Amino acid sequence: MKAIPRGKCLLPVLHFAAYLFLFTTTFNMASHGGGDVLSFSQQRALYYIHQIVFALGLLCFALARRCLHSERTYRALIGAALSVCALGGAALFLLRGAYVYLYVASAVVFCLGFLGGASYLRASRAPVESAGIAWIVGGGNAIAYGLQYPLQLLGSSPLLPFVMLAALAVVGRAALIWSEDETSAKTGCGAENMVLPLLCVCIVTAALVVPTSFYDGYIVELQIRTANGAGPFEWPRLLLVPVYLLFGWLGGKRDGGLVPLAALCTLLLALFHPLLVGASESYRLNMCLFYICIGAMYSYIDMTFLRVAARTRCPALWAPMGRVIDAAMAVALSLAHPTSFSSGVVLAVDVAALCVVIVFMTLSGELSMPFSILSPAPADAALGKRSGIAAFSENYGLTEKEREALTVILRSDLPMGQLAHESGISERTLYRHMNSICEKTGTDSRMGLVMLYYRDERP
């Protein structure tokens with residue numbers, strides 16, 4: 001089998017991993033480094049302020065990419081952001097316990113958001129097939145969190161500044177590459193077809209953040225009440241690594257159709273935390289469940305928005321939009337003081353959020369498996385029926401080449417690159433025909449096209 005994700009997407013995986021490592025280590029320093037001058041409640045407030053600042057950085061990059069048409073200006077902005085991150089990062093190691101630390105930290109977090117916009121945009125331009133995007137997200141996160149734990153969370157290693165500097169160099173090299181924004185014309189799917197998918201995925205993302213935000217609040221409460229001094233960065237955090245790898249693997253199966261289902265199943269674990277919050281001895285069990293839910297949520301959010309972004313008119317805005325929504329919802333929910341809610345209220349809100357996720361995943365077609373997955377039809381009953389594909393092609397005005405491409409697409413749920421290879425045509429040609437078919441049929445994805453075909457085939 002063709003090793004598409006491990007070979008073709010290795011460089012994008014490393015670029016994304018470098019940014020995520022830089023982000024997780026620096027954000028941790030920025031939000032938890034003022035312990036000598038801030039109370040615990042002030043540190044929590046600083047954490048949410050940095051969430052807002054980071055989201056603003058992401059949005060400012062999208063605005064810059066939308067408005068700037070000069071490569072020189074773009075490179076100057078990226079260079080400035082890299083300089084602030086480098087100098088500010090050095091200051092974060094030296095200024096612990098000083099109030100100026102807080103201002104430097106905010107500036108660094110904003111520039112990390114700006115560079116994050118570039119990293120997410122670059123990831124969205126990776127091979128469009130599910131396996132590529134899935135391994136960029138899954139592999140990148142697994143590498144980043146796997147490195148952060150021994151270098152920072154077990155006690156700051158002397159190697160940490162040098163690894164962070166190397167990660168910044170990798171991020172800068174990738175971000176400085178100038179290329180024109182690719183609009184919806186790239187995929188042939190009109191922007192008007194993206195309204196419902198974008199709306200649904202935004203609502204699903206907001207609903208997913210609700211249980212994990214409750215979890216976060218209760219983890220902090222248990223941490224305060226736990227006599228053994230356990231912290232939030234103990235060994236359960238390492239569960240993020242296998243969770244991200246699992247979702248990276250699942251994302252390459254069934255054209256990514258298993259990821260929403262797996263994220264939904266994992267979300268069910270969040271329903272247990274109101275039942276466990278009463279006992280401090282369940283702290284580490286809560287931590288394990290929390291990090292499993294976090295890994296599943298961010299895997300789904302990042303994979304979904306990266307895939308959708310490539311089909312929009314402003315990919316720089318939509319590629320990191322999941323992180324923007326996550327930050328906004330986390331801040332909004334923190335204002336409601338969720339730790340003051342009773343277990344019954346928390347459970348009711350979690351169930352309501354779960355129902356919202358199910359409804360809008362269904363509306364977007366993410367939970368509607370293609371007919372061939374649920375009950376594969378015999379070749380002579382489905383694809384072997386030339387009249388079926390011929391009738392579909394005639395209804396939507398497909399050309400002969402597009403009809404041949406449709407036959408290839410319906411043949412299997414293998415990644416597009418492998419389908420093209422086995423069919424003796426180029427991957428670019430197969431994508432071009434599929435995008436043209438999407439435009440003519442009013443669908444916005446391969447799964448949507450397959451679902452439309454089998455729906456039209458039913459009597």
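How much accessible surface does the protein have, and what share of it belongs to carbon and sulfur atoms? The total comes to about 19300 Å², and carbon and sulfur atoms hold 66% of that. Keep in mind that this is a predicted model.

Now for the overall picture. The protein has 21 helices and 0 strands. Of its 459 residues, 55% are buried. Among contacts with a separation of 6 or more, 82% join residues 24 or more positions apart.

| Helix | Residues |
|---|---|
| H10 | residues 258–267 |
| H18 | residues 400–411 |
| H20 | residues 427–441 |

Let's start with H10. Because 7 of its 10 residues are buried, helix H10 is largely enclosed by the rest of the structure. The buried ones are Val259, Pro260, Ala262, Ala263, Leu264, Thr266 and Leu267.

Next, a pair of helices. The axes of H18 and H20 come within 9 Å and cross at roughly 100°, which means H18 is roughly perpendicular to H20. On the H18 side, the residues that meet H20 are Lys401, Glu402, Ala405, Leu406, Val408 and Ile409. Their partners in H20 are Leu430, His433, Met434, Ser436, Ile437 and Lys440. Sorted by type, the residues of this contact split into 7 nonpolar, 2 polar and 3 charged.

Finally, take a look at alanine 80, which sits in helix H4 (residues 71–94). Its relative accessibility is 39%, so alanine 80 counts as partly exposed. Cysteine 111 is 31 residues away from alanine 80 in sequence, yet the two are 8.5 Å apart in space, C-alpha to C-alpha.

Key
Residues are numbered from 1 along each chain as its sequence is written. This is a predicted model: local features need pLDDT of at least 70, side-chain atom pairs count only at pLDDT 80 or more; totals for chains, interfaces and linings use all residues. Side-chain values use heavy atoms; hydrogens and water are left out. Buried means under 20% relative accessible area, exposed over 50%, partly exposed in between (1.4 Å probe, protein chains only). Helices (H or I, at least four residues) and strands (E, at least two) are DSSP runs, numbered from the N terminus. Contact means heavy atoms within 4.5 Å. Accessible areas come from the Shrake-Rupley method with a 1.4 Å probe; for residues, only the protein chains shown count as cover. Axes are lines fitted to C-alpha atoms, for helices over the stretch in contact, and angles run from 0 to 180 degrees between N-to-C directions. Angles under 35 degrees count as roughly parallel, over 145 as roughly antiparallel, 65 to 115 as roughly perpendicular and the rest as oblique. Ala, Val, Leu, Ile, Met, Phe, Trp, Tyr, Cys and Pro count as nonpolar, Asp, Glu, Lys and Arg as charged, and the others, Gly among them, as polar.
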